[in-house]
There are 2 protein chains.
Amino acid sequence: MGYKRRKRLSAEEYANGIIEGDRIILSRAITIIESKLNEDILLAEQILEKILPYTGNSLRVGITGVPGVGKSTFIESFGKYITSRELKLAVLTIDPSSQISGGSILGDKTRMEELSNDPLAYVRPSAAGSALGGVNHKTRETMLLCEAAGFDVILIETVGVGQSETTVKGMVDFFLLLMLAGAGDELQGIKRGIMEMADAIAITKCDGDNIRKGQLARAEYQNALHLFPPSETGWSPKVMTCSSLENSGLDQILENILEFEKKMKDKGYFQSKRQEQNLHWMHETIESYLKRAFYSDEDITKELPSLENGVIQNKVPAIAGARKLIELFNKKRNFHFED
Amino acid sequence: MGYKRRKRLSAEEYANGIIEGDRIILSRAITIIESKLNEDILLAEQILEKILPYTGNSLRVGITGVPGVGKSTFIESFGKYITSRELKLAVLTIDPSSQISGGSILGDKTRMEELSNDPLAYVRPSAAGSALGGVNHKTRETMLLCEAAGFDVILIETVGVGQSETTVKGMVDFFLLLMLAGAGDELQGIKRGIMEMADAIAITKCDGDNIRKGQLARAEYQNALHLFPPSETGWSPKVMTCSSLENSGLDQILENILEFEKKMKDKGYFQSKRQEQNLHWMHETIESYLKRAFYSDEDITKELPSLENGVIQNKVPAIAGARKLIELFNKKRNFHFED
């Protein structure tokens, strides 16, 4: 809106372009996927249906960590290492400029410039939108397009503060948590529960004077992880150190991810997890539509504030407030209120 | 259903009986709260509205731990200690006999017999129902009735395996995790993420030969907790040891809970957390009704299996499957499908 519209291709043309690895068409298709225009929503689904048989062959890796942990720098150096191994890499990042209105945090130009110019790499920044933590609600579909375009590895970056980790964890095969040495103030802001979601932890900035501190932290975190209940897959998350400055430890991290892939494929967990993720995503999508339909109803938006107030002040039982709103909603519909 | 129905009282009579501390009326009111009959649902809400001004004065404590950790035994001895301090105690437990059809795990009679006979205590087993983990979906309202009946402390037991911990965490002031000494096989089955939800950890069965092992485990867990990101309230969860056999450590646990209550009240977190919980509960209730309405629709139940299959086999994009079902659902209604 406000942008000049390009001539749209057919779903077939987009799909073919993507499958042939045409990056310009891929980028335009992603824009359609992210669009909220009604005509684009249908086109997006047609594209998705056509490319679906070509998806599923990438390794999907989520990367999280609090601001300051050096995520962009890590992804740049780790990404370069991945392409040096002759693997084609797509990176879906959050564009921080869209989070703070009217300005950018780092400046888009300086984010992953080297990687962006790498012929084996494709970097796609997504507007963070209104979702705290910055996962675009179409990140999953964007990932599918990249898969169909033939990338071997897809890295998805999340910010490490909001609900986005759970969302990303639900769409990737491997979840990597970046942490700083020292378990004190640096941890402020990371969401509780994230450590237990990690398939591996990488301690960043382990160079120069920081090496010893990093190694100590590594041992501490590794100990802590042993206290967590084991995962049903039998995978034990490893804590590793690395430095984007010295390009050290990156090989070990990739080996760990590839070892995970092999083990999970051998045991059949890899495929069954993806099937569960697909199914979960369908239900997630349904539930978020239902919620949106409910909370955007004008009768509901009118009544909600006073009922919320009553509930907060303990004057209206939560369950009665819920029932009143549901009855209001059902009046216009054939909804059947049942317990 | 199959049970002989007693004459029902009016909402007023139930509410007055509860507020006066009449346990027979309390028990009958809880049965109405748990009922799924339409006439009971309305009566339940009327009772709730009347008793609401009398709620909010209990300390609400959730207790979880895997089977085998000695939850019932702990609650019995901890409960006895609480009543020995002249505090009135309500315990909401899960009746395990309802989880395994046709038989009981422990036998209801042997569960908390001593506590059940304590005049200062009220033990209410709830049928676990179909929810894995066994939190009855009306546990929160049952808790409110107990509060209105004047209990000082309410313990809510959960099983430690399913989604129930998150639900219970969302309705209590303090969440206590019971664990066994030794971080190996005993942890099998506990849900990942639960450790980070705990406001305190108590290591059970620290008696006889187990004392040393328990103390070692205490130090280990305490160390591990230090690595977790700090809570915004500034509360640091403590790891304690106890024995239900020797009645040791129970005083320390209660002191810890009371210290928590005092600190959180001083800082204002206690009340604000309860307000958030109330609000959250209203929205939770709405969302679960919406989901039920959707998934119980006969068109949906007819179409769902084949679409789920398509999604699992990667033939239908999850987002397209969702959209097809939503359109089917909307056909009968005024729902407006929007992104």
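Q: What makes a pair of residues in this predicted model a salt bridge, and how many are counted between chain B and chain A?
A: A salt bridge is a side-chain nitrogen of Lys or Arg within 4 Å of a carboxyl oxygen of Asp or Glu, and by that rule the count between chain B and chain A is six. Over all chains, the structure holds 29 salt bridges.

Q: Why are A:Glu49 and B:Lys324 called a salt bridge?
A: The side chains of A:Glu49 and B:Lys324 meet at 3.8 Å, N to O, and because the cut-off is 4 Å between a Lys or Arg nitrogen and an Asp or Glu carboxyl oxygen, the pair of A:Glu49 and B:Lys324 qualifies.

Q: What do A:Arg85 and A:Glu255 tie together?
A: The side chains of A:Arg85 and A:Glu255 form a salt bridge at 3.0 Å, N to O. A:Arg85 lies in the loop between α4 (71–84) and β2 (89–95) of chain A, whereas A:Glu255 belongs to helix α10 (residues 250–267) of chain A, so the pair ties together parts that are 170 residues apart in sequence.

Q: How do you know which relation holds between chain B and chain A?
A: Chain B is superposed on chain A, with an RMSD of 0.1 Å, by a rotation of 180° with 0.0 Å of shift along its axis, and that is the relation of a two-fold axis. The same surface serves both copies, since 100% of the contact residues of chain B recur in chain A.

Q: What makes up the contact between chain B and chain A?
A: Chain B gives 75 residues and chain A gives 75 residues, and the two chains bury about 7000 Å² between them, 65% of it on carbon and sulfur atoms. Eight residue pairs are in polar contact across this interface, both residues being at pLDDT 80 or more. Among the helices of chain B that each supply at least two residues of the side touching chain A are α3 (38–51) and α12 (318–331), while the largest share, 16 residues, comes from α10(B). By class, that side of chain B has 40 nonpolar, 14 polar and 21 charged residues.

Q: How do you know where in chain A to read the coordinates with care?
A: The mean pLDDT of chain A is 84, and 84% of its residues reach 70 or more. However, pLDDT stays under 50 over residues 97–109 of chain A and is below 50 over residues 130–134 of chain A as well. Where pLDDT is low, the predicted coordinates should not be read in detail.

Conventions. Residues are numbered from 1 along each chain as its sequence is written. Chains are lettered from A and ligands numbered from 1 in the order in which they are written. Side-chain values use heavy atoms; hydrogens and water are left out. Copies are superposed by least squares on the C-alpha atoms of residues with pLDDT of at least 70 in both. Contact means heavy atoms within 4.5 Å. Buried area is the accessible area (1.4 Å probe) that two parts lose on being put together, summed over both. A polar contact is a pair of N or O atoms within 3.5 Å; within protein, one must be able to donate a hydrogen and the other to accept it, and residues adjacent in sequence count only if both atoms are side-chain atoms. Helices (H or I, at least four residues) and strands (E, at least two) are DSSP runs, numbered from the N terminus. Ala, Val, Leu, Ile, Met, Phe, Trp, Tyr, Cys and Pro count as nonpolar, Asp, Glu, Lys and Arg as charged, and the others, Gly among them, as polar. pLDDT is the predictor's confidence in each residue, from 0 to 100.
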